[in-house]
Amino acid sequence: MLEYCLDITANSYAHIYTPDSTALSFPFYLYEDGYFEANTNYYTKRSELQIYLLIYTLSGSGIAKVNGKVCNLNSGSAVLIDCRDLHEYWTTSSAPWCFHYLHLDGASMDIFSKLLLSDFNAYQICDKLRFMQQISEIHDIHNQTNLILNNIHSSNLISGILTALFESYYFEKDRSYVDSDAIGTACDYMEKNLDKKISIEKISSMVNLSKYYFIRLFQHKKGITPYLYVQLLRINRAKELLISTDRAIKDIAQAVGFSSTARFSKCFLDLTGTTPTQYRKNSYLYFKG
């Protein structure tokens with residue numbers, strides 16, 4: 001569906017692109033970019049559009065609504081919308097709502113959308129100067145004549161723009177969490193006790209947090225669960241011992257906290273794609289050959 005009222009000023013503009021096979025092979029690509037000065041009657045309502053929309057507000061204000069959830073689009077804020085969902089946005093200020101927008105997609109969009117769309121919101125951009133510079137360069141792409149360079153350049157710029165939005169997302173999330181220093185304490189404990197049994201219950205109690213809040217906070221700060229973090233620390237330490245010592249695999253497994261050689265070997269294989277013995281052999285050839 002599509003409903004709209006294109007109540008915009010003469011200063012508004014849009015550039016439309018048709019991604020070719022080369023563009024589609026890049027992590028990100030453009031379908032449209034533009035700048036609107038949207039008057040009071042401006043609105044758009046649609047669904048089932050197989051792309052994403054990013055809106056960055058310069059001045060004035062608007063509102064976006066996705067699947068019934070509403071967020072305010074104020075100066076300096078950006079929002080990402082999955083246009084497959086029912087969504088609408090409109091002007092709420094008496095002065096024109098001035099915003100830049102990108103219609104985009106790409107194989108790497110899943111990485112950003114899973115987090116940015118998990119809690120629909122508009123985020124204040126931390127580095128507005130850099131963000132605007134990247135958007136301005138996006139707007140200038142249509143002036144370039146080399147299509148291959150256009151594809152490369154636009155993909156890199158979109159990556160930078162989404163990364164900036166991602167950074168702002170994390171900045172907002174950090175402000176909503178308390179006891180963030182607890183993660184540093186927990187990580188320090190993990191690193192110093194790899195040879196021992198590491199209990200999430202014990203660590204969360206040590207930093208005075210509930211187990212479930214600690215897990216959520218850890219995953220927010222580190223991007224992975226505490227369990228996986230410990231496993232990666234253990235495997236990294238095992239790699240060091242495999243390269244720098246002649247200790248038996250069984251001894252190394254015990255030294256990094258595994259209860260058996262079999263469990264160690266399986267974890268090593270799962271995380272590295274090779275066995276401890278083969279890793280040692282390959283590393284020996286690399287460093288000594």
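The axes of helix H5 (residues 181-192) and helix H7 (residues 211-222) come within 10 Å and cross at roughly 90 degrees. This is a predicted model, in which local features need pLDDT of at least 70 and side-chain atom pairs count only at pLDDT 80 or more, while totals for chains, interfaces and linings use all residues. Residues are numbered from 1 along each chain as its sequence is written, and side-chain values use heavy atoms, leaving out hydrogens and water.

**Helices H5 and H7**
- H5 and H7 are therefore roughly perpendicular to each other (65 to 115 degrees).
- On H5 the contact (heavy atoms within 4.5 Å) is made by Ile 183, Ala 186, Cys 187 and Met 190, and on H7 by Phe 214, Leu 217, Phe 218, Lys 221 and Lys 222.

**Helix H2**
- Met 109, Phe 112, Ser 113 and Leu 116 are the buried residues of helix H2 (residues 109-116); buried means under 20% relative accessible area and exposed over 50%, with a 1.4 Å probe and protein chains only.
- Exposed residues Ile 111 and Lys 114 lie on the face of H2 turned away from its buried side.

**The sheet**
- An open sheet is formed by six strands in the order S2-S3-S10-S5-S8-S11, with antiparallel pairing (at least two DSSP bridges between two strands).
- Strands S2 (13-16) and S11 (123-124) stand at the edges with a single partner strand each, so one side of each is left without a neighbour in the sheet.
- S2 pairs with strand S3 (residues 29-38) in the antiparallel sense over four bridges.
- Tyr 13 stands opposite Tyr 35 in S3.

Key
Axes are lines fitted to C-alpha atoms, for helices over the stretch in contact, and angles run from 0 to 180 degrees between N-to-C directions. Helices (H or I, at least four residues) and strands (E, at least two) are DSSP runs, numbered from the N terminus. Angles under 35 degrees count as roughly parallel, over 145 as roughly antiparallel, 65 to 115 as roughly perpendicular and the rest as oblique.
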